[in-house]
Amino acid sequence: MSPFDRPVGPRSLAVRAEAGSAAAEVLRRVLAEDGARLVLLVPDPHARFAAVELAAPFAAEVLDSGYGVCSYVFAWTPEREPLPEVDALKPYLGGFGDLRVRLDAATAFRLGDQTWAVVGDAELPSGEPAGLAPRTVVRTQLARLEEHGLVPSIGIEHEVVFRSSAEEPLTGHGVDYALGGTERLAPLLADLRSATAGLGVESARAECHPGQYEVVLRHRDALAACDDALLLQMVTRRVAARHGGRADYLAAPEPGQGNSCHVHLSLSASDGPAGFPLALGAFLAGVLRDARALSAVWAPTWNSYVRLRTAPFSPRELRWGPDDRTASIRLCGTSRLEFRFAGADAQPHLVVAALIAAGTAGLAEQLSPPDAGALCGQLASSPWEALELLERGRAAELLGEDVAAQQAALLREELDAALGSVTDLHRRRGALRS
């Protein structure tokens, strides 16, 4: 077994750290070879990576010393402009200095013959973890869950729409579970299977909207699940571009359509694989209670709310059910929950961190879940409502004041950008007034 393989199932933070140390020794030898190249990746708040490319022999040295990345990567807009400064963002915008990124060798993934992608953790000049870095947010919540003697196993599935250079979906109609009708996708998908061979893909299939495909990653530890979900998106976009097209991860590719980020979660004891159904019930109850307050995490963009308001199987209503894909939380078997809140535009590290934070609160308070099918409320129906919920304080209690303030700043900027633009809707309605 390679130290870069993605093992199935849960790993505690300590076990994962041991795996990273073992992988580092192998990666150091690989990166010391002539012609080797390292792509250092840092997850940002917009479900993508900030990246730095490093060539041999310097790449191997970075395993020991880390490398600098400008601090504003955790406080920028999708256009990579700095957010308006608020107190929580001052350490990241004041002076635009460097954060040190320490490589997590357990994340290493081969992008080419001698090119390796490795995800890293950012730290402040003081040496403290960068609190607004999505990986730090996940680590913090995992540590809290481990205080209850539990470790999660996470599986993430994303939906994507493949489009041609003319922006047309590569199938002319919905192709849910189909083989016929997907012929235009076949060359792209063949290359994608090859390019993602080391990521532990469990399944892939045609989906219900034009050009839509779903790729499912096998269960693994939470950090690996989130990192690999972003790696999968990055590789998918690259493969689509090589075929002259585009991979579209909009939450709502069109009104009435939805691309989702579904998160499957099970719980195990820190020292073994046995599940805890009673604990899972309390975890479920906690997520149901706080899902509305965390709407901005599941739905971070204007487009997110088109999915929530118009897409079939929209997860806006908060209820759970056994093997029920119309529920926002689906119980699969007896020990696995599928959380269906987030769109494909959501940041997976923050989505998983929010789920764990709410679920851990349910465990701490020993909450009991409502009856299956019982309506428990709704997610926010608009970005303004989601912003108001962020500012009420429950998200700050769960994720920390700085993270909640960062999310509020991101959503305010999203609204400002939307209200400063002219869209096809404006033009169409304007024409009707003539």
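**Reading the labels on this model**

Student: What makes Leu278 count as exposed?

Tutor: Leu278 has 80% relative accessibility, and exposed means over 50% relative accessible area, with buried under 20% and partly exposed in between (1.4 Å probe, protein chains only). So Leu278 counts as exposed. Leu278 sits in helix 7 (residues 277-290); helices (H or I, at least four residues) and strands (E, at least two) are DSSP runs, numbered from the N terminus. Along the chain Leu278 and Ser335 are 57 residues apart, and 9.6 Å separates their C-alpha atoms.

Student: What should I keep in mind about the model itself?

Tutor: It's a predicted model, where local features need pLDDT of at least 70 and side-chain atom pairs count only at pLDDT 80 or more, while totals for chains, interfaces and linings use all residues. Residues are numbered from 1 along each chain as its sequence is written, and side-chain values use heavy atoms, with hydrogens and water left out.

Student: Is Asp228 buried or exposed?

Tutor: Asp228 is at 1% relative accessibility, so the label is buried. The side chain of Asp228 meets that of Arg220 in a salt bridge (2.6 Å, N to O), and Arg220 is buried too, with 2% relative accessible area.

Student: What makes up the nonpolar surface patch?

Tutor: Trp302, Trp384 and Leu419, giving about 340 Å². To be in a patch, a residue needs over 30% relative accessible area and no salt bridge; like charges are joined within 9 Å, nonpolar side chains (Val, Leu, Ile, Met, Phe, Trp, Tyr) within 5 Å. The areas come from the Shrake-Rupley method with a 1.4 Å probe, and for residues only the protein chains shown count as cover. Take Trp384, in helix 11 (residues 383-391): its relative accessibility is 44%, so it counts as partly exposed.

Student: How much space lies in the largest pocket?

Tutor: About 1600 Å³. Of its 50 lining residues, Leu250, Thr301, Trp302, Asn303 and Glu414 are the closest to the centre. On a 1 Å grid over the protein atoms alone, a pocket is an open set of points with protein on both sides within 12 Å along at least five of seven lines, whereas in a cavity a 1.4 Å probe fits but cannot get out; lining residues have an atom within 4 Å of a point. Grid points are joined across faces, edges and corners, and the volume is the space filled by probe spheres set on them. Helix 13 gives the largest share of the lining, eight residues.

Student: What about the second largest pocket's volume?

Tutor: About 570 Å³. Its lining has 29 residues, with Glu159, Arg205, Glu207, His262 and Arg340 closest to the centre.

Student: Where does Phe313 lie, and what is its phi?

Tutor: Phe313 lies in the loop between helix 9 and strand 12 (320-322). Its phi is near 60 degrees, positive in a residue other than glycine. Most residues other than glycine have a negative phi, and most peptide bonds are trans. Arg80 also has a positive phi, near 65 degrees, and the peptide bond from Ala56 to Pro57 is cis, with omega near 0 degrees.

Conventions:
Salt bridge = Lys/Arg side-chain N within 4 Å of Asp/Glu carboxyl O.
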